[in-house]
Amino acid sequence: QKPIKGNIKFHLSNEFRARRSSTQRYSYYRNIFDAYINLPFTSKDRGYIGFQNWNKSYPKTTDYREYSSNRFYLKLNLQLTRTTKLGVKFEFQQHEGNLYPGSAAPDLVYDLDGNRYSFQTIIDKFINRKILLSFAYRFENDIPADVDNEQTGEELGDEEIEDLLAEDSDFGYLKNQLSLSALY
């Protein structure tokens with residue numbers, strides 16, 4: 001980390017992981033590069049503007065494409081009261097490839113390029129200095145690249161949309177996750 005001006009700091013980190021699986025098929029190298037600016041609003045409230053680059057490669061198989069993701073994010077950490085904190089994160093990802101190779105049948109060819117938008121919020125609350133309650137909500141919207149299905153001549157319009165969805169995972173998703181946890 002390096003101070004830029006006053007309490008504003010620039011952070012840079014890199015995480016490299018090598019996994020050797022006994023099946024060799026799922027062995028991989030993963031690298032996460034993270035750079036962000038830490039913006040203090042008050043002594044307890046902070047904002048972050050950042051960029052992450054994820055790369056994952058599978059050296060022992062040709063079944064899977066390399067995974068690459070560029071992620072831009074904004075985070076806020078706010079101290080609402082003496083015992084309550086709020087965290088909010090907005091993120092945009094441009095991704096290509098398969099992060100989890102075991103989740104797809106090896107004989108199918110997928111178009112895994114697209115964009116993902118996510119929003120996450122976490123509220124932490126201390127009760128009587130002995131119990132920490134944490135409530136988290138996450139929303140994701142994955143928007144795939146256009147389905148590549150060129151139709152010409154006699155075949156025009158002869159495919160059903162269900163066939164496209166069954167043969168191509170490139171159709172996106174919406175995800176809503178909620179969690180509540182307590183620590184005594």
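Mentor: Serine 118 stands opposite glutamate 140 in β8. The model is a predicted one, and this pair belongs to the pairing of strand β7, residues 114-127, with strand β8, residues 131-144. The two strands pair in the antiparallel sense, over 14 bridges. In their hairpin, 3 residues lie between the strands. Asparagine 128 takes a positive phi there, near 55 degrees.

Strand β8 also pairs with strand β9, residues 173-183. That pairing is again in the antiparallel sense, over 11 bridges. Here arginine 138 stands opposite glutamine 177 in β9. As a general point, side chains in a regular strand alternate between the two faces of the sheet.

Now the whole chain. The protein chain has 1 helix and 9 strands. From the N terminus on, the order of its elements is β-β-β-β-β-β-β-β-α-β. Among contacts with a separation of 6 or more, 52% are between residues 24 or more positions apart. Of the 184 residues, 26% count as buried. The chain exposes about 12700 Å², and carbon and sulfur atoms supply 55% of that area.

One loop residue is worth a look as well. Serine 27 is in the loop between β2 (8-19) and β3 (28-40). Serine 27 counts as buried because its relative accessibility is 4%, and the cut-off for buried is under 20%. Leaving out residues up to four places away in sequence, serine 27 touches Arg19, Arg20, Ser21, Ser57, Tyr58, Pro59 and Lys60.

Definitions and conventions: Residues numbered from 1 in each chain as written. Predicted model: local features only at pLDDT ≥ 70, side-chain atom pairs only at ≥ 80, totals over all residues. Heavy atoms only, no water. Helix = DSSP H or I, 4+ residues; strand = E, 2+ residues; numbered from the N terminus. Buried < 20%, exposed > 50% of the residue type's maximum accessible area, 1.4 Å probe, protein only. Contact = heavy atoms within 4.5 Å. Pairing = 2+ DSSP bridges. Areas by Shrake-Rupley, 256 points an atom, 1.4 Å probe, with all protein chains shown as cover.
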